[in-house]
Structure formats: structure tokens, C-alpha cells
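Hi everyone, thanks for coming.

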Amino acid sequence: TDTYPVGVVNTTPANTSTTCGGTVSAVDGGTGAGLARGTVAAGGTCTVTARVTASSVGTYANTSGAVTSTNAGSGNTASDTLRVNAPNPAIALRKQVSTSALGPWTSYVTVTAGTNVYYQFTVENTGDVPLSPVSVADPTVSTSGCTWPVSLPVAVSGNDNHIATCIVGPVSALTGAHVNTATASGTYGGIPYTSTSSSATY
């Protein structure tokens, strides 16, 4: 069993798991976790997982109860420290241009007047908390047709769900050089966070 330090509780749901069978006890919102009737082969290991959350920023030292078994008696305890950092919301935007909706995409393209150009907006959650909602502001190109995720999650290995893309066009090119600049915004805790601007030129 493991009783958490004050200020740490299981999330709801606790999303428990074990690599050695048995039953994990970790009540949603509870202050501890445990494992019963697990089986570990000779020389093997067992990992028990429960997702937790902390009430405030800081460090939380935790020592489990001693592990026990029916045929080997009592073993040792285990200790570790959870460090909880302040949230760091951040968002980035990359704007690119092309003469085709399929790309290739670049920051600059040379065209003649009347040529169709397309803009690609790539929004990325570069922080450590989900952003909701997200949007792109562009004073010269309408992004009203873009559909952004309800929530842009934190980056994790195995997928790119923290990145969202929208393509706008065709736009008929005008004579001269045209620098087009946009910014992205995402909200966390009711506060909007804005990216640095990104530009594409034809």
C-alpha cells in the first residue's frame, strides 16, 4: 500500500494498471493506492500505476508501505519525490505559402499576378497544458473556414495530436510583393496566450 503525502490525490478516473495481475485499489479522488493478490515470477518485477494530481506547486516526498507476499514475507519500502511545476502554456504558429493546396510549402514563393496561391497555417501546442479554444488571427486572409480542435493537447510520443493544420485558398495573387502575417492564440485557465507572428510572402 501507499499513502500519498498531503496535497496529492488520485485523479478521477485514477487510470490504474498493473503488470502482475491482482487488484489495484485506488479510489478516484482518494489519498493512496495499493495492490492485492498480484503474482511476480522469480527474478521478476511488478509495476503498479495510478494517476495523481497535486493541489499546489512544490515537491512531495513519498514512501510506500513495505511490500509483502505469502511465501516470502515482508520486503522493503520504496521512496521518491514528485515535483509539481507551475503550468507553462505556450503556442506556436507557422504560416507558409504555395501555388498548390498540396504544397510544397515555403515561406516565400514567386508568382505572376493572377496566380492562385494557398496559405497553410500550422498551430502547435508547445507548452505543458492543453489549450482550449485555439484560433488564428490574420488581418489579410480570412481563416473563417478553418476548423480547429476543441482542445489542443500536450505533445506526447506516438502521435502529433498537439499540432493542427488549416489550408486557405485559392487567393489570387496581386502585383508586387505581399508579406502576410498571422498569429495563433490558445486559452488556458481563462487566459489567452498568443504566439509570435509568422509570415509568408509572395
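V52, T53, A54, L82, R83, V84 and N85 line the second largest pocket. A pocket here is an open set of points on a 1 Å grid over the protein atoms alone, where a 1.4 Å probe fits, with protein on both sides within 12 Å along at least five of seven lines; lining residues have an atom within 4 Å of a point. β7 (52-54) and β11 each give two or more residues to this lining. Strands are DSSP runs (E, at least two residues), numbered from the N terminus.

Before going on: this is a predicted model, where local features need pLDDT of at least 70, side-chain atom pairs count only at pLDDT 80 or more, and totals for chains, interfaces and linings use all residues. Residues are numbered from 1 along each chain as its sequence is written, and side-chain values use heavy atoms, leaving out hydrogens and water.

How much space lies in the second largest pocket? About 240 Å³, a volume being the space filled by probe spheres set on the points, which are joined across faces, edges and corners.

Now the largest pocket, with a volume of about 1,400 Å³. Its lining has 43 residues, and T1, L35, V48, S64 and V67 lie nearest the centre. Among the strands supplying at least two lining residues are β5 (32-36) and β11 (79-84).

β5 also belongs to an open, antiparallel sheet of three strands, ordered β1-β5-β4. β1 (2-3) and β4 (23-25) each have a single partner strand, so one side of each lacks a neighbour in the sheet. Strands pair if DSSP finds at least two bridges between them; β1 and β5 have two, and D2 stands opposite A33 in β5.

How values were computed
Helices (H or I, at least four residues) and strands (E, at least two) are DSSP runs, numbered from the N terminus.
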